[in-house]
Amino acid sequence: KKSRNSWAASAHLSASFLFVELPDLSLVLSARQPPTITKQSLQEHIVDPKETMVMEYFQLKRDNSLISSHYFNVARDSQVSMRRRSGTLDIYAKHNPEQYEAEYQCIASNQYGSAYTHKIRLRLYRPPVWPREILEPVIISAGLPLVLPCDAPPGPPKPETYWMSSSFPTMQAVRQDRRVSMGVNGDLYFSNVLVNDSTTDYCCSARFPYKNMIQQKMPVVVKVLTTRTVAEAAPTWLSPKGSSSSILVLQGEELLLECIAGGMPTPRITWTKDGEDLPVTSHMKVKNFNKMIQIPKASFEDAGEYVCAATNKIGYIEHTITVRVRAAPFWLERPTNLILAPEENGQLVCRSDGAPRPTISWSINGEPIETSTPQPNRQVSGETITFRSVSTENTAVYQCNASNEHGYLLANAFVNVLHATPRIIGPRNELIKTIEGHRAFLDCRFFGSPVPELRWSKYGQGNLEGNRFRTHRNGTLEIKRIQIEDQGTYLCVISNIAGRDENQVRVEVKEPIIIVTKPRSMKVLRGSDVRLECGVKADITTPIKTTWMKNKNQAALRFVFFYFGRVSMDESNLVITNVNRGDEGNYTCVIQNDLEQKSASAHLMVMDRPSPPTDLELSDPYERSVRLSWVPGDSNHSPITEYLVQYDDDDWIPGKWKNLSTYPGNLNSVVLHLQPFTYYEFRVIANNEIGSSRPSRPSKRFQTSGAPPDVIPKNLKGVGTWRNNMEISWEWNGPHLKYLVWWRRRDSREEWKNATTKWLKYYIYDADTFTPYELKVQAVNDFGLGPESPVVIGYSGEDRPIAAPLNLRVSDIESTQVTLHWDPVTRESIMGQLKEYKVYYWRDSSQLRWHRVNRAMRSKVFPNSDPEPSGVVTDLIPYSNYVMYIVVTNSRYEGPPSNHIHFSTPEGVPSAPRSFRIQQRHLDSIYVDWDLPEEPNGVITGYSLKYQTVNASRGEELKVEEFPPNVTSFSIRRFDRYTRYRFSVAAHTRVGLGEWHTEESPHYTTEIYAQDQVDISTQGWFIGIMCAVALIVLILLIVCFIKRSRGGKYPVRDKKDISLELVDDKDQEGTFDYR
């Protein structure tokens, strides 16, 4: 019977009767037999006295079994009742429930014997009481170890304890680490206390699982006294005490080994077993930051000497824990029920083991066999009772008890002597379908006394035994590696002196399922697509079903399919798109039909960037360094190559993380070099080949202790921003610093002047113009002065130069460049540092009076400090008139201009002619023309024209034509209308030939171009008009001749008559134009 409330654990004492060893005989309901235990309660039972206490008992009755309670009269107790037709005992303990807290045992009896349950201990649940007490505050100096006791009520059952810290207005669990942890007994251990430990109250809470009730102990206040320095201490044991201890554990129970040490710095715990490194196996867990070893189910291999060692940089200690493993009795062979015919022989065997070895004792119907009535055909020999030539007097229930100091086992087995007709038990004419190559079992369970003879045959012929056929004692026929030809009908026949029975079994053999393509294990990147193949071959008469499971769980794949839609089936293949870390695992393709199931598995490994490091811990603080340790995150199947440590030291704007340093991926504890007297927070980022992890959670805020500055401010310089001042500046080199600035004139006997500032600049006023100063600076804080910087030279501000370069002149005048010369300006006139000389010039006019020019001013600088400075100005335009002057400049100003000079450049070669055009004025000729060059660069003396066919298929040579300056056109007759030409034209001056301009004639032979470009005399509409005009003229001439023939008179002109013949416009050269 189950509790109505799963949290309310009603009392259920179950003592039931179980018919175990011969289930086939349990179906023979008409046979008489002794009682058999089928179910019984646990040996320990905890109940709430406010609820009904129920003890359930069940038995399999044969004839009329009697159920009674040993030493307990149920009928006379008004608070107790036993249900009819079962052994269920109900206790309604409204008054004095403590009287029922005892051991119970149920006995089931009939005329053939008595069966006993094991003893059941009934215990009452008592609400835990945690005494109300006022705890005095714990006052302790920083660095010392501390133990806060919990002392939770013991139960039953044993409570679960945990510690909370109360910090208004919330309450949170105490964060446990290598320094702070909870022991197996529930106490809270501090290896050493820090100042931060005094900020909260500590409270032990216990959860009692029977009622799921939580109780809380009164909080205790911890106050930590601070000192200037924390004294370092060697390790000492907090739990267990001393140098050795021992533990006794039973086989199968949980084994917990714990070592907690105090010390400053926090000690590290290591383990060895029997003088060697502890071999951590799958059934062992190292927990609580290496302070505890948990073995959920102890075995004899776990016995031995375990040594835990605690070390820090001050000392080393050891503690030896001797583990002994013992075992309560456990079964090797339970006694089984015997059903015998008269005069048969039999044995009851009861074998068990344990540590120490159990003692075996036998009882008959609950009475010790030593005091029972002797039977000459019964012999007891330790673990075995032997029966020879049995009779009905041997019918009884025998109890075997195996016990040692750690517990006992009790088993019932009956001997039933009877005479019965053979009978086959189970379904008749059964059809069995099986797979080729498998084992087939054809059942023929039977009953009879004496035991019947059994014979199997196929189609009722022969006897099946040997080779692949085997008949078991219970009548089942086993066929090994069954084949297709084994199909058919099999006959089972049983017989004894009392009669005969038979049954038929029909067998069908199917082809097996074969997975021809198994899924392959893969290692893929996050975000890629995966296809797991699973090809199948199976019997065509048997439908199959394909199912995919992830980590042996089909629901996990269904969840991804329904909620994310990334999983799909392609026939029997599995497709996963956009894989992530959650998709990693073992995937199993399951192919099944009504007869068998085959599966194939593959492992999907998803590579990703690492998981962030955790549990950042700071230790070993000094003025300029601290040790940072962390727990590495999961590498996600790509090794961590390096760690990036970042820091935040901004008090005003937190969250501005900066890179500090990188470290190899095999480290998880490094020393960080820091600035003194600065607040820091740290975080760590792990990197692998895939990418970078998310940053870890920040460490606790940490402040380095103060010290004088040790870094010289960098990049010290002095620059004038006005003619009578100087700005002294340097780079920032740490927080909470001031700076002492020193200066004096160079090459003077002045004393050093100084000033203190918190800024990174300092201004000197009333300084002479461009005067050199010696400068130095040093950082200052509350703890002293830092080192002085090296002396550097700075200059005060510059003023406008007061003189211009003299005697500006030119030489080596060429068509595109000219060489300049000038006299340098004295250093005093520059009023600062010479930066450069700057020349301004412009094109004033062209020597061709008709040619217009651009007069835009241009400049060029010469950083020249030679005694006889000079320079070259390039990119001039030939045959032009130029104007030029020069100025001197310092870092801020330009000086006055020098004298203006005029010079002219000589002729040069011209630029390419402009507006080069190629036209077709007739089908068999090409006309080209051009304009003057954009920059003649002198007097044009003529033009050169080169031309040649494009493909040169006719073997024509390049032809060159020369033209005077007033000719800018040319015509050429083509060989045919398909010929194309390449033309190049250039202009001449007295200096030489200028730049060529090259173009190719277009394709004039296409129909579209012919329609657009052909002469108007070839157009149809023009020919039609001209024909009409000719017709009209012809008619007029005919009319005139007719009138003249009639004698008409007409006026005669003095000049010749105009000819009516057509005039050929073509000239002798075969050219024409429209000009």
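**Disulfides and other labels**

Analyst: The link of Cys350 and Cys400 is left-handed, with -70° about the S-S bond. Cys350 lies in the loop between strand E33 (346-349) and strand E34 (351-355), and Cys400 lies in strand E39 (residues 396-404), so the pair ties together parts that are 50 residues apart in sequence. Keep in mind that this is a predicted model.

User: What makes Cys350 and Cys400 a disulfide?

Analyst: Their sulfur atoms are 1.8 Å apart. The cut-off is within 2.5 Å, so the pair qualifies. Both cysteines, Cys350 and Cys400, are buried.

User: Why is the disulfide of Cys150 and Cys204 called left-handed?

Analyst: The torsion about its S-S bond is about -60°, so the disulfide of Cys150 and Cys204 is left-handed. Cys150 sits in the loop between strand E14 (146-148) and strand E15 (160-167), and Cys204 in strand E19 (residues 201-208). The two are 54 residues apart.

User: How do you know whether Cys150 is buried or exposed?

Analyst: Its relative accessibility is 1%. Buried means under 20%, so Cys150 counts as buried. Cys204 also has 1% relative accessibility and counts as buried.

User: What is the torsion about the S-S bond of Cys444 and Cys492?

Analyst: It is about -70°, so the disulfide of Cys444 and Cys492 is left-handed. Cys444 lies in the loop between strand E43 (440-442) and strand E44 (445-449), while Cys492 lies in strand E48 (residues 488-496). The pair therefore ties together parts that are 48 residues apart in sequence.

User: How many disulfides does the structure hold?

Analyst: It holds five. With the bonded cysteines numbered in sequence order, the pairing is 1-2, 3-4, 5-6, 7-8, 9-10.

User: What makes E66 and E70 edge strands?

Analyst: Three strands form an open antiparallel sheet in the order E66-E67-E70. Strand E66 (717-719) and strand E70 (761-764) each pair on one side only.

User: How do you know whether Phe1041 is buried or exposed?

Analyst: Its relative accessible area is 56%. Exposed means over 50%, so Phe1041 is exposed. Phe1041 is found in helix H4 (residues 1020-1045). With Trp1021, Ile1025, Val1029, Val1033 and Leu1037, Phe1041 makes a nonpolar surface patch of about 580 Å².

How values were computed. Residues are numbered from 1 along each chain as its sequence is written. This is a predicted model: local features need pLDDT of at least 70, side-chain atom pairs count only at pLDDT 80 or more; totals for chains, interfaces and linings use all residues. Side-chain values use heavy atoms; hydrogens and water are left out. Patches are made of residues with over 30% relative accessible area and no salt bridge: like charges are joined within 9 Å, nonpolar side chains (Val, Leu, Ile, Met, Phe, Trp, Tyr) within 5 Å. Accessible areas come from the Shrake-Rupley method with a 1.4 Å probe; for residues, only the protein chains shown count as cover. A salt bridge is a side-chain nitrogen of Lys or Arg within 4 Å of a carboxyl oxygen of Asp or Glu. Helices (H or I, at least four residues) and strands (E, at least two) are DSSP runs, numbered from the N terminus. Buried means under 20% relative accessible area, exposed over 50%, partly exposed in between (1.4 Å probe, protein chains only). Two strands pair if DSSP finds at least two bridges between them.
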